[in-house]
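Let's take a walk through this one together. Have the model open and follow along as we go.

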Amino acid sequence: MKIGRRSFLSFVIGGAAGTAISPLPWKLTDDSSIWSQNWPWTPVPPDGEYSQVNSICTLCPGGCGITVRKVDNRAVKIEGMKGHPVNDGGICVMGLSGLQLLYGPTRVKTPLKRVGKRGEGKWEKISWNEAISEVTEKLAEIRAQGEPHTVGSIVNSDRGTVPNLFRRFLTAYGSPNYMTMPSMQDSYNMTMQLMQGVTAQVGFDAENADYILSFGSGIIDGWGSPVRMFKANSAWKVDGKKVVQIEPRLSNTAAKSDEWIPIKPGTEAALALGIANVVIMESLYDKENIDSQFGFDAFKELVLNGYSVEKVSNITGIKSATIVSLAKNFAQASNPLAICGKGQGSTPGSLNEFVAVHALNALVGNINKNGGVWALSDTDYIKWPEFDLDSIAENGMQKERIDGAGSEYPHAKSLLNRLPEVINSGDGFLEAIFVADANPLYSMPDSKAIKEAFDSIPFIVSFSSYMDETASNADLILPNHVYLERYEDVPTPVGLQKNIIGLAKPVVKPQFNTKNVGDSLILIAKALGGSVANAFPWDSYDACLEETLGSKWDLLEENRFWSDSNSKVVTGEFNFYPDAMKSLTNFSPVSIEGSTISFPLVLIPYDSIRLANGYIGNPPFVIKTVEDTVLKGKTACVEINPKSAKEFGLTEGRSAILHTPRGKAKVKIHLYEGIMPGLVALARGLGHTAYDKYLTDKGCNLNELIGMTEDPVSGLDAAWGIRARLTKV
Amino acid sequence: MKEEGKHKKAKKYGMVINLDECTGCGACMVACMAENNVPFREDESNKLDSIAWMRVYKLTNGKSYPDADICYLPRPCMHCEGDHGHSPCVSVCPATATDYSHETGIVSQIYTRCFGCRYCMGACPYHARYFNWWDPVWPEGTTKYLNPNVSPRMRGVVEKCSFCFHRYQLAMDKAYFEGRAELEEDEYQTSCTQACPAGAITFGDLNNPEHKVYQLAKPDNKHGGRPGNPNVFRLLERLGTNPKVYYISSREWVRRAGDNYLDNEDFAKNYRR
């Protein structure tokens, strides 16, 4: 057959048309995409039997119930537990990312002993027996020298069995230096003590309040028990209840409130007293009941003489008319509630502010009332047998605490913030320190000073599950199970007005060679022998916990939570004019470090629910949610009002150096109309130096830039900011 | 079989997000990532290539201090109905890797069919689609938490929000097993809806007047599902994409931010056709 021009063209065109009509090209694109995607390194998650396990999240003191979905023995998803009294199905970013902490690369997989220099990252893997005897030998040596009081411990809070085991251990060993990480709870507890004469946890009946006056509390930024507050906030919206947010920066809480009132930072106490002034002047309070209360005359005198509306307006920068209307709305609401504790409440703040705000609550008569502030006695479920101290322990326990709590500052229980100064100035020393569920080297303000103090402690033992800043600077790590691998009791979440005990339970088997910190402590005590061992009669932590919870155990195993139906409200005589109020006679804002000449701006921290700033580092999912106006690449962004930025020639996205009297850091500029001119705001929770590549070296740690201001009454850290300067690079 | 199919009413799954209640906490984003095996990389601060099926945007009202205001806006895939199912992305896909289901109203994404031309990304007016520029890498040990109901994607394909379609499939399987052909409202909920601590997200069938989404949005289903509630709006309403994600806001500046309006333009006109 001869192929001519015509037949050739017919063949080609016909062939092309035929192919196009046939499914071949489409089949080929489909196949090629399948073939080119069938890579062996793309994981195929194995299927299996589905199950659900309920537990309690302990990543923050919020105490939410969680439901973990499992496929065979793998945990694949954490969800909020339906029907739990705190969160009823809701959950936060951190809680959702828990599995990245469980399976993630930052876990400490086995006991480690430092072999290189401190912080160098050179470790030797040791067995648990070796680890326990390392600690025991050192402790026995210190004890033999009659210096047991030079051993200290730092835990996250002083509630629950694990912190109490630490306290018990130190007492039996002979040291009063049991320290906890500071928070607004310290200030609230002290306020309860000073104004109501009671030892109580503070509870806020937020759900029943109808006018919420928040002095900078980040209601939806992670304050209190975060998910519970989110839910309360939504309920307020539906019911048309009012929220007033007082703070210099338009936070998420301020943006969602009904009224945002910017205030000169550090003057919140003056505003509270100014509001009290209007309430008293206009007789908007229950005279019959309040006038006769203890200290009210003195309080009235203080408020009427020192806090006239005009004066307060000058101090706070808030218009007189606004103060008057605030006071009227507050006093005339049926269930008004005033709260404080800035941001997430991770710093204690000025005691003045707490007593002034609490006086406002008392003035409108909402103490221990529906929609008000409750003084609750913690459910007293930890009743362990008494134990005897030997003479060494007795001598040790008679020594004063290194941080001055209980002596120099009689009202304070623990003043970790004072530890660096005491140690660095040579006024005191510690031979050894235990750190559990806390990361002071990262999350304490003035981290350089605390690092220096730690450097001079010869023996640091970390019980961290993760290679955090404190663990990587330790001499020995005895890794704890993470919360999804262990039993633990969860005391009443922060700020709840009813007592609930939660029970976290193992969702999966321990993934690595770790041990419950309670068990480690029991083993150490037993190895020390004598009266220390006698104080720990339990075979294991789980046995101790089961015994402690007693008759509640079965119910807790079934429901994961136990509501204390007779939550006890403790009442004492209210004192309107405690000692802490006296310093308010002549108002001066809580002073911050730095001169106005070399540091023309003021740096304030801000908290975001998308960034954890406590002892848990942010897992990759959480970091992924951080906006590019907060963190860009490896640089943190600072917020500044465009007006102030113009003054210093700064523009959006520009790199700059942020200087404070404590340090400096490279930052990027983000212009924000929601911040008071003259201020610079930096997010807490960035700038980790430990953990994994998803978190390390991202942005700068606010705590390295900020110092501490000792509150004259509480001794706690009252700093709310620091003076700062921005220079172009 | 035919009889059964006839009586089954088509669903139109959609979402209503209350921006007054949304706190911008980001739980929806992470709930989605955890449910759908979304990968993560060392640096996720370039938001153009940071894969987030659900992304929370921050809106500002453009005013100066102290009148400034912000609002958060979570953005999943809008599952546009377009004109009779002609969603912008579906219309341009040469590989039929994305399709509009008239049975559920969900716009699917079939990873194994996608060959990465990214036409759909160009066509999507909501930036709801993301391209896998890199192979996903899960650090050692973390593949253990991967959800077997959603296949991990690989380099070279586009992915997006599926309204947690696998949850629909699981719920339907369960329903069929129990001899039912219809789902209860709470049987099929997306991961983000379930997680939202503020309760700002509602999910359900926009064709079903019993469902909360219907009652909140009051969709005019004869006219592309235009919202009947004056506080409810959809993003870029005037493009005619007819999204199935509705937003509630009591603030006018937020509602206006949902589309490109001229300063003197009457916002409400869109909704008075």
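Counting over all chains, the structure holds 43 salt bridges. Keep in mind that this is a predicted model. One salt bridge to pick out joins Glu639(A) to Arg249(A), with the closest N and O atoms 2.6 Å apart. Glu639(A) sits in strand β22 (residues 635–640) of chain A, while Arg249(A) is in the loop between β10 (242–246) and α9 (252–256) of that chain, so the pair ties together parts that are 390 residues apart in sequence.

Chain A is divided into domain 1 (5–35), domain 2 (112–183 + 390–563), domain 3 (197–376) and domain 4 (601–728). If you want a sense of scale, the C-alpha centres of domain 1 of chain A and domain 4 of chain A are 61 Å apart.

Now for the aromatics. A search of the whole structure turns up 32 aromatic pairs over all chains. Take Tyr307(A) and Phe587(A): their ring centres are 6.3 Å apart and their planes meet at 80°, so this pair counts as edge-to-face. This pair, too, links distant parts of the chain, 280 residues apart. Tyr307(A) is in the loop between α12 (296–306) and α13 (309–316) of chain A, and Phe587(A) is in the loop between α25 (579–582) and β20 (601–606) of chain A.

Next, let's see how the two chains meet. Chain B brings 72 residues to the contact and chain A brings 73. Together they bury about 5800 Å², with carbon and sulfur atoms giving 57% of that area. Which three residues supply more than any others of the area that chain B buries against chain A? They are Glu42(B), Tyr65(B) and Tyr145(B), with 13% between them.

On the polar side, there are four salt bridges between chain B and chain A, along with 27 residue pairs in polar contact. One of the salt bridges is Glu35(B) with Arg69(A), where the closest N and O atoms are 3.2 Å apart. As for the elements of chain B that give two or more residues to the side touching chain A, look for α2 (27–35), β2 (55–60), β3 (70–75) and α6 (191–195). Of these, α2(B) gives the most, with seven residues. Sorted by class, that side of chain B has 38 nonpolar, 16 polar and 18 charged residues.

Most residues other than glycine have a negative phi, and most peptide bonds are trans. Pro66(B) itself is found in the loop between β2 and β3 of chain B. Over in chain A, Ser283(A) has a positive phi of about 50° although it is not a glycine. You'll find Ser283(A) in the loop between α10 (268–281) and α11 (287–290) of chain A.

Definitions and conventions
Residues numbered from 1 in each chain as written. Chains lettered and ligands numbered in written order. Predicted model: local features only at pLDDT ≥ 70, side-chain atom pairs only at ≥ 80, totals over all residues. Heavy atoms only, no water. Domains from an automatic or database assignment. Contact = heavy atoms within 4.5 Å. Buried area = accessible area lost by both parts, 1.4 Å probe. Salt bridge = Lys/Arg side-chain N within 4 Å of Asp/Glu carboxyl O. Polar contact = N/O pair within 3.5 Å; in protein donor to acceptor, adjacent residues only side chain to side chain. Helix = DSSP H or I, 4+ residues; strand = E, 2+ residues; numbered from the N terminus. Nonpolar A, V, L, I, M, F, W, Y, C, P; charged D, E, K, R; others polar. Phe/Tyr/Trp six-rings, centres within 6.5 Å; stacked < 30°, edge-to-face > 60°.
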